[in-house]
Amino acid sequence: MAKSEVKLLIDGKRLDGRLPGEMRKVEMKVDVVSRADGSAMVKFGNTVAIAAVYGPRPLYPKYLQEAKSGILRCRYNMVPFSVVERKNPGPDRRSIELSKVIRLALEPAIFLEEFPKATIDIFVEILQADGSTRVTGINAASLALASAGIPMKDLVTACSVGKIEDTLILDLSGIEDNNSECDMAFAMMPSKEKITLLQMDGTLKKEEVKKLMEMAKDACAKIYEMQKNAIKEKYR
Amino acid sequence: MSEKREIVLPGEFLCEKAGRKVGSGAYFEGEKVFARVIGIPNIKENEVSVIPLAGAYIPKVGDRIIGKILSVEISGWMVDINSPYVAFLPLAEGVSEFVDISKTDISRYFDVDDIIFCTVSKVTKDKTVQVSMKSIGSRKLHGGVLIKVNPNKVPRIIGKGGSMINIIKNKTGCEIYTGRNGYIWIKGENKSKAIEAILTVEKESHVIGLTEKIEKMLG
């Protein structure tokens, strides 16, 4: 079992004073990029993600076009000042993988077959990284998609769960992420009860997986309500 | 009329299907109908749909639209219609006289960047779009300015039976053409006033008593 160098749990409370099943403070805002068709900013504690959606728009070069459905393109990027030590700008192996993961998490929710030969582009920028950046990115991207008026089955809601010092926790922060025994990224369409992303790093027992998934589902239901309120706020 | 209109988001439950026709902006799974775009729900006895608040223009046959010529081809023109799809205007649909393409340069009829008021005449399943100038009222628009608005707000800008757009036209004395695709062409002395009014309608489309406000604004 991986032992962390720092003590992550003190008297049953985490380093930032949260209980194991507690989320960080969540903030959501729609329409932050005025030139985009839809955009959103989501904050989970110190993690800040901005997503911008462009499209559906014409797709070139032509060989990328699909005759029967549109395509979804996604770019996940961390800005150089998002982490403590400067991140080399530009795509690296990690952000290319996360771009794909985010795309796969959102794709089942979108009616892409309505836009043959076209593309929908999503840009996710991480302004500040403190753990759980991919799920924050997914939450922002799905808000941006909805506000761009793109037909979807449901909003996609995501959260992260994990295990530190034999305790199951919700919404990992950066330091917990780095020292965890296990962490799991989770995304779902809450009103359809369909899971669109499930990634795990580390080791877990079967019962723990089940328990973590229940925790994640409950958290997603809460985040879903926040997403709905954030977007309805725009039209108030 | 209620002051606050309810807004639904994708995935929100609307009603039981109960034999209703599921229109645009909604989809059904089993016996349940859900919204699929952000918009205002419209649940009637035999039909359920959602009027969208955002989204790109998807061409439909019969729509009166404004297009901008992108390029001149051998026997027609490619037209930008503010949509994910580019439309094609065939020579025969654009010009009523006979043209011998081996002898004529067709850019004398329409050249790149010309603005036309036309109708969507054909849309195939994979969204190949054709437009036509044969319908009544279609013409080339000379001079003026072209502005872009949210295509979903165009019906509000036109108003019931053209009420809103007629106010703007009469008060400013401008010549205005509204395309269903969100392009609006304006020509006249007071065009800046007209543009301001149109953008106000677009921004405050949900406000009740907007017609009076615009009337006041234009004096």
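This is a predicted model: local features need pLDDT of at least 70, side-chain atom pairs count only at pLDDT 80 or more; totals for chains, interfaces and linings use all residues.
Lys117(A) is found in the loop between α1 (93-106) and β7 (118-128) of chain A, where helices (H or I, at least four residues) and strands (E, at least two) are DSSP runs numbered from the N terminus. Its phi is near 70 degrees, a positive value in a residue other than glycine. Residues are numbered from 1 along each chain as its sequence is written, chains are lettered from A and ligands numbered from 1 in the order in which they are written, and side-chain values use heavy atoms, with hydrogens and water left out.

Chain B has a backbone entry of this kind too. Asn82(B) is not a glycine, yet has a positive phi of about 55 degrees. This residue sits in the loop between β8 (76-80) and β9 (86-90) of chain B. Back in chain A, there are cis peptide bonds to report. One joins Gly55(A) and Pro56(A), with omega at about 0 degrees, and Pro56(A) is part of strand β5 (residues 47-58) of chain A. Another joins Tyr60(A) and Pro61(A), again with omega at about 0 degrees; Pro61(A) belongs to the loop between β5 and β6 (71-78) of chain A.

Next come the helix pairs. Two packed helices are described by the angle between their axes and the distance between the axes. Here the axes are lines fitted to C-alpha atoms, for helices over the stretch in contact, and angles run from 0 to 180 degrees between N-to-C directions. In chain B, helix α3 (residues 163-172) packs with α4(B) at an angle of about 160 degrees, the axes being 10 Å apart. That makes α3(B) roughly antiparallel to α4(B), on a scale where angles under 35 degrees count as roughly parallel, over 145 as roughly antiparallel, 65 to 115 as roughly perpendicular and the rest as oblique. On the α3(B) side, Met164(B), Ile168(B) and Thr172(B) make contact (heavy atoms within 4.5 Å) with Lys193(B), Ala194(B), Ala197(B), Ile198(B) and Val201(B) of α4(B). By class, these residues divide into six nonpolar, one polar and one charged, with Ala, Val, Leu, Ile, Met, Phe, Trp, Tyr, Cys and Pro taken as nonpolar, Asp, Glu, Lys and Arg as charged, and the others, Gly among them, as polar.

Helix α4 (residues 191-203) of chain B also packs with helix α5 (residues 210-218) of chain B, at about 160 degrees and with the axes 11 Å apart. α4(B) and α5(B) are therefore roughly antiparallel to each other, and their crossing is right-handed. Lys193(B), Glu196(B), Ala197(B), Thr200(B) and Val201(B) from α4(B) meet Leu210(B), Ile214(B), Met217(B) and Leu218(B) from α5(B). The tally for this contact is six nonpolar, one polar and two charged.

In chain A, the axes of helix α2 (residues 133-147) and helix α4 (residues 206-234) come within 11 Å and cross at roughly 40 degrees. That makes α2(A) oblique to α4(A), and the crossing is right-handed. Asn139(A), Ser142(A), Leu143(A), Ala146(A) and Ser147(A) in α2(A) meet Ile223(A), Gln227(A), Ile231(A) and Lys234(A) in α4(A), a contact with four nonpolar, four polar and one charged residues.

As for how the chains meet, the contact takes 28 residues from chain A and 25 residues from chain B. Between them the chains bury about 2,100 Å², 61% of it on carbon and sulfur atoms; buried area is the accessible area (1.4 Å probe) that two parts lose on being put together, summed over both. Leu9(B), Pro10(B) and Arg36(B) supply 24% of the area that chain B buries against chain A, more than any other three residues. Arg36(B) also forms a salt bridge with Glu114(A) through their side chains (2.8 Å, N to O), a salt bridge being a side-chain nitrogen of Lys or Arg within 4 Å of a carboxyl oxygen of Asp or Glu. The count between chain B and chain A is two salt bridges.

Over all chains, the count comes to 25 salt bridges. One of them pairs the side chains of Glu165(A) and Lys7(A) (3.7 Å, N to O). Glu165(A) lies in the loop between β8 (157-164) and β9 (167-170) of chain A and Lys7(A) in the segment before β1 (9-10) of chain A, so the pair ties together parts that are 158 residues apart in sequence.

Terms used: A crossing is left-handed if the near helix is turned anticlockwise from the far one by less than a right angle, and right-handed if clockwise.
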